[in-house]
Amino acid sequence: MAAYSERGVHGQTVQLLGERVLSGRIAEGETIDLAVLSSELDLSLTAIREAIRVLAAKGLVGSRQRKGTFVRPRADWNLLDPDVVKWQVAAGAGDMFFRDLAELRGALEPTAARLAAERRTARDIEELRAAVQAMADTHESSPEEAAASDLRWHRALLVATGNELYTRTDIFLAAGLIERDRLVHAGSHKDPVPSHTSVTEAIAAGDPAAAESAMRSLLDQADEDLFRATEDGAYDDGSERPA
């Protein structure tokens, strides 16, 4: 699920409409008057329709004969799409998403660490350690670079489980982790390297209990960092946290 990379007026229009849907400004089931949008945004109907097509591909909107374009039920939205995640945060609707993400990680990653300690290969250990080094190298870099290094480690952890279905949970975790990390690394936070090193070395030592325990401690720190970042009020796009 790659993020939509189009820039310029078209990309801005897609983002604006996406945020309106995710914030509830355009409600579920509401009909979208394309002519009104065209006039409001001073864009051609063709440009509006192109933006709507992008939202439709993400499950946010649909169209029916005689009903026109409308916002689909939330159950139809692709909530794991990188842009949809980003728009939720930008629209001030990120709190619930990050809560859900934390609960999902709490259910998956401690067991992943235990399995990795039981099944890891020499190549897995090498990649985990390389990812930790990348985290150290990018800790003071841009939030985007730091987020990419962190995601590399978490993907390596899933691969080290030796479980193909666990590895595929990357689909659920990647978009959320990237957005969470961009938010956290944009503000004050603890150095993530020691906690990731603890999990890595427990896995390398083949100690399942220690790996699981270290992963739970890592997740506790992750929760604290996110709380601190949101309390500071700085979203990654520079907007203030909604009251």
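Among contacts in the protein chain (heavy atoms within 4.5 Å) between residues at least 6 apart in sequence, 71% join residues at least 24 apart. The structure is a predicted model, in which local features need pLDDT of at least 70 and side-chain atom pairs count only at pLDDT 80 or more, while totals for chains, interfaces and linings use all residues. Residues are numbered from 1 along each chain as its sequence is written, and side-chain values use heavy atoms, with hydrogens and water left out.

The protein chain contains 11 helices and two strands, assigned as DSSP runs numbered from the N terminus (helices, H or I, at least four residues; strands, E, at least two). Their order along the sequence is α-α-α-β-β-α-α-α-α-α-α-α-α. The C-alpha trace spans about 65 × 35 × 30 Å along its principal axes. Of the 243 residues, 45% count as buried, that is, under 20% relative accessible area with a 1.4 Å probe, protein chains only.

Leaving aside neighbours within four places in sequence, Val-199 is in contact with Ala-113, Trp-153, Ala-211, Ala-214, Met-215 and Leu-218.

Helix H5 also holds Arg-105, which counts as buried because its relative accessibility is 5%. Not counting residues up to four places away in sequence, Arg-105 touches Pro-110, His-154, Leu-173, Leu-177, Arg-180, Leu-218, Leu-219 and Ala-222.

The axes of helix H7 (residues 143–160) and helix H9 (residues 170–185) come within 8 Å and cross at roughly 145 degrees; axes are lines fitted to C-alpha atoms over the stretch in contact, and angles run from 0 to 180 degrees between N-to-C directions. Residues of H7 that meet H9 include Ala-147, Leu-151 and His-154, and their counterparts in H9 include Leu-173, Leu-177 and Arg-182. By class, the contact of H7 with H9 has nine nonpolar, two polar and six charged residues, where Ala, Val, Leu, Ile, Met, Phe, Trp, Tyr, Cys and Pro count as nonpolar, Asp, Glu, Lys and Arg as charged, and the others, Gly among them, as polar.

Key
Buried < 20%, exposed > 50% of the residue type's maximum accessible area, 1.4 Å probe, protein only.
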